[in-house]
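Please read them with the structure open.

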Amino acid sequence: MTESVTTTATAGTGTGRPFLELKDLQVHFPTDDGLVKAVNGLSFTLERGKTLGIVGESGSGKSVSSLAIMGLQKGTQAQVSGEIWLDGAELVSMSVPEIRRLRGQQVAMIFQDPLSAMHPFYKIGDQLVEAYLVHNNAPKSVAKKRAIELLDRVGIPSPSKRFDDYPHQFSGGMRQRAMIAMALMCDPQLLIADEPTTALDVTVQAQILDLMMDLQKEFNSAIVIITHDLGVVAQMAQDVVVMYGGRVVESGPVRDIFYRPEMPYTWGLLGSIPRVNRGGDHRLKSIRGTPPSLINLPNGCPFQPRCDYQQYVEGHSCVAEVPELLQIGTGGHRVRCHIESEQRSRLFAEQIKPNL
Amino acid sequence: MTLGVSEAQSPEGGLPADHLADTAEAKQIEGRSLGQIAWARLKKDKIAVASAIVILIIIGVAIFAPLIVKINGFPPDQFNKVDANGDPLLNTRDGGIPIGGLWGSGMSSEHWLGVEPQNGRDVFSRLVYGTRVSLLVALGGTIIAIVLGTVIGMVSGYFRGTVDTLLSRLMDIILSFPYLLFVMALTPVIADRGQDLFGIPDNNTLRMGVLMFVLGFFGWAYLARIVRGQVLSLREREFVEAARSLGAGPAYVIFRQILPNLIPTLLVYTTLLIPSYITAEAALSFLGVGIKEPTASWGRMIDDASDWIESNPLYLFFPGTALFITVLAFNLLGDSVRDALDPRAGRS
Amino acid sequence: MGRYLIRRLLQTVLILWVISAITFFLFWVTPANPALLICGKNCNTETIAQVNATYGFDDPLIVQYGTYMKGLVNPGGRMIGTEGSERKCPWPCFGESYQNGVPVWDSISEAFPATFWLATGAAVLWLFFGVLLGLLAALRKGKWLDKLSVGIALFGVSFPTIVFGYLLLFTFIVKLNWIPFPDTANAALFTVGPAKWLQFYILPWITLALVFAALYTRLTRANMIDTMNEDYIRTARAKGLGEGTVVFKHGLRAALTPIVTIFGLDLGGLLGGAVITEQIFSITGLGKLSIDSVLSNDLPAIMGVVLFAAVFVVVANIIVDILYAFIDPRVRLS
């Protein structure tokens, strides 16, 4: 296996730290109904040129984590704690003006729905130019040239003409390309893509993912891709973090997650992917139950109320204790589950894999 | 087995679990309906409770006006010239200004809020009876506007096509009328025709009816537009489609499926309309085109009192304050209702 | 654009025509015999017959309506009166007042400047304070400044104009004596100079502006809060833009767009007369003209003011729609 592994990566920058490192990130929101614990202790690392996929259902804390990296919850009611190290700098404790200099410049974000993520009243080109000028002391003509260049690079035909179009005049795929171009305006080292292809149809989806991989090679950027689509992860990422109820439940190299998953939730995710090479009578398996309320998280394993394999655990630990995220093997594969590792492998091989 | 890109995923279809949102354990935490949440929020909201109490008191005053006036013993239309001791109440040489009391108001233990200049009618009694006019006209107008607006908006949105085009044009026309001017011009015209049209002579009972009708008639169009828009989107929703595909008729769909979803909108609009109609009735009576003498109405009292603003400012102060407090109470309650019904409020 | 304008203008003419017809037939069914109003104390069968002939009251309603509309449509106006005492009523002819025989158009054009100053002055006030307060409230959401603004706004919308106007009049004119009692002569800016003019209008402006300022505060606040939760605001922040740019260039621009529409319609409505404020401060504008006409059953004057006011509302509608297309690139005029 050639991919670097989340927890053991040491290539790092001059400071000896990985390029991006999250340590025990917590994001909580106080509301009328109680404290919403959106993210509870998220840790991972990522090097330049690599891609990390964060997978989970809506409300599992994926997007909230990405906003925390950008510092976009500063000044709101959100309570963010833990550490986020980017290229030797710690972001959680950073002041707003400092982190503002990083936004767009060092870290850029590609948002889910480009129609609502781009300002409806300004021309696409001007929005790109703005992203450049805020970090570069350059004449507008330079910014415009770069914008047109990048629009061209992301595959928008006659970019100097489309420069003057408004977002609503673009198709969905074109808007997503423009959004990517906007994120690339300042050559960011880290790209966070929050469901970048969810709003697009499948062919366009594939084009956008190819584009992102090409650009990654070209700019040597690190990419965090947030998605609920395991297909996207399989195509893009080297490492995967599976989140559930604001916690990491399984993480590791993409092969481990797809071929040797050990957490029942991950099994459920894999089981719910439709496959073409299956007979027509094959039914997709869904995970029973609903995602947990982030206000009243279960006392034990967050997945326990929906887990079908509790009988393999002695006693009541599934209900009583949160399992720890433990490393298995040497490849950086980590799992949060009370079932014994060997038992999990057996269950996967006997009960899950044949049905996938 | 391959691990290719999955081929057929709807935008949110990746996780089937998202669709199973109905289990019991989820209900415990998130299963409260909007109505229950709104009610819980309202009960916690001190301003809402306080303004609701004030409104209940005002309604009580309106209902029990005759009883309340019995306590002080001065019917609202009675001209009082002398007090219990036989001393004159009004200074006849000075244009009929009340004698004594704070700022020439004639306030005394008999006449709690003083007496009217010239006529000597008891201000408190007139204020109490004025509550009736205000609330009746406002409620009547609101009911007419809400019923017309809801029915026309639903019909327009549900049936679409020619019906919708015609009704929408009608809304446009009504909305481009100079509203206040028209109400002002129309009220006396209709009231004048009372004998011919309804067999009722031009009296204040008729005028109250006319005011309700005119206010309601010009007030429905805006609501109808909102309702139409909501119905247009509601009728495309799955639960309506499902009902229709099962053979439900338009009446069933409109009243059982769509109407319940409009209730928050209607509630909010009602709380907006009532205070604005209270103000409108006062304004029209003030201008001399609404309620006329001898019936007591706050707007008429303010108009009357404006002539005495230098010599007896309190005569203006009392009806002004009554009007202000009433409108404020309704607005405060309306605001709280709106906030309570707002699904986004208090989250995030 | 050109075709759109033509279509809108035709629509406008249609709406105005409908309004004129409705107004005419509604008001002409009033039983108050207009002839009695015109001849006054000298009424006898003979004079009444004469008046009826002069004003065409004997004709069927539809003919009377035709005659009336001719005065508005025909560039040469129309003739009023019987043979011998005929006189020309130039375009736009809304007829003559029953009260004093003055052509209605003369009364309207005489009254309009006062209403114009009143409405525009108040509009400047309410737009400025409303948007400012609403913006501050939205940016300090949940803080004391927000609560204060929301409180002021609630107070403002709950203060009936008749109460607030008299409160101002009593405080500043009667008690404090800072401002003299309103004198209509001071309504004209160009004859009395700005000082007296300001003194004349300041209280009416505040009176008229209060409710609108309060409504605009709420509207701006609500729009601004919604806008600041939009995805594109998050994008703007993610680009690293400063908070000032985010708020003003990205937020306020979008939040104010709907306010343009409402402002146009409100101002258009008021240019037809601010009845209550004019009545309180004895301003001889269109509102005062209309209420006086209503109280004296002066049908031609009522008709005239209602139609004149309707023109403003309808024209404001068109202007607002066109303006909107310039502000919001998503809107196409078609």
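**Notes on the predicted complex**

1. Of the 334 residues in chain C of this predicted model, 40% are buried, a residue being called buried if 20 or more other C-beta atoms, placed from the backbone, lie within 10 Å of its own. The C-alpha atoms of chain C fill a box of roughly 85 × 60 × 35 Å, taken along the principal axes.

2. On conventions, residues are numbered from 1 along each chain as its sequence is written, while chains are lettered from A and ligands numbered from 1 in the order in which they are written. As this is a predicted model, local features need pLDDT of at least 70 and side-chain atom pairs count only at pLDDT 80 or more, whereas totals for chains, interfaces and linings use all residues.

3. Where pLDDT is low, the predicted coordinates should not be read in detail. For the complex, the predictor gives an ipTM of 0.85 and a pTM of 0.83.

4. Chain C contains 14 helices and two strands, these being DSSP runs numbered from the N terminus, with at least four residues (H or I) for a helix and at least two (E) for a strand. Of the contacts in chain C with a separation of 6 or more, 67% are between residues 24 or more positions apart, where contact requires C-beta atoms, placed from the backbone, within 7 Å.

5. At the interface, 17 residues of chain C are in contact with 22 residues of chain A. Helix H10 (231-238) and helix H11 (243-270) of chain C are the elements that give two or more residues to the chain C side, and H10(C) provides the largest share, six residues.

6. In chain A, eight strands form an open sheet of mixed pairing, in the order E6-E7-E8-E3-E9-E10-E12-E11, with pairing taken to need at least two DSSP bridges between two strands. Strand E6 (107-110) and strand E11 (325-328) of chain A are the edge strands, each pairing on one side only. Within this sheet, strand E10 (residues 247-253) and strand E12 (residues 333-336) of chain A run antiparallel and are joined by two bridges, and A:Ser251 stands opposite A:Arg334 in E12(A).

Technical notes: Contact = placed C-beta atoms within 7 Å. Buried ≥ 20, exposed ≤ 12 C-beta atoms within 10 Å, placed from the backbone.
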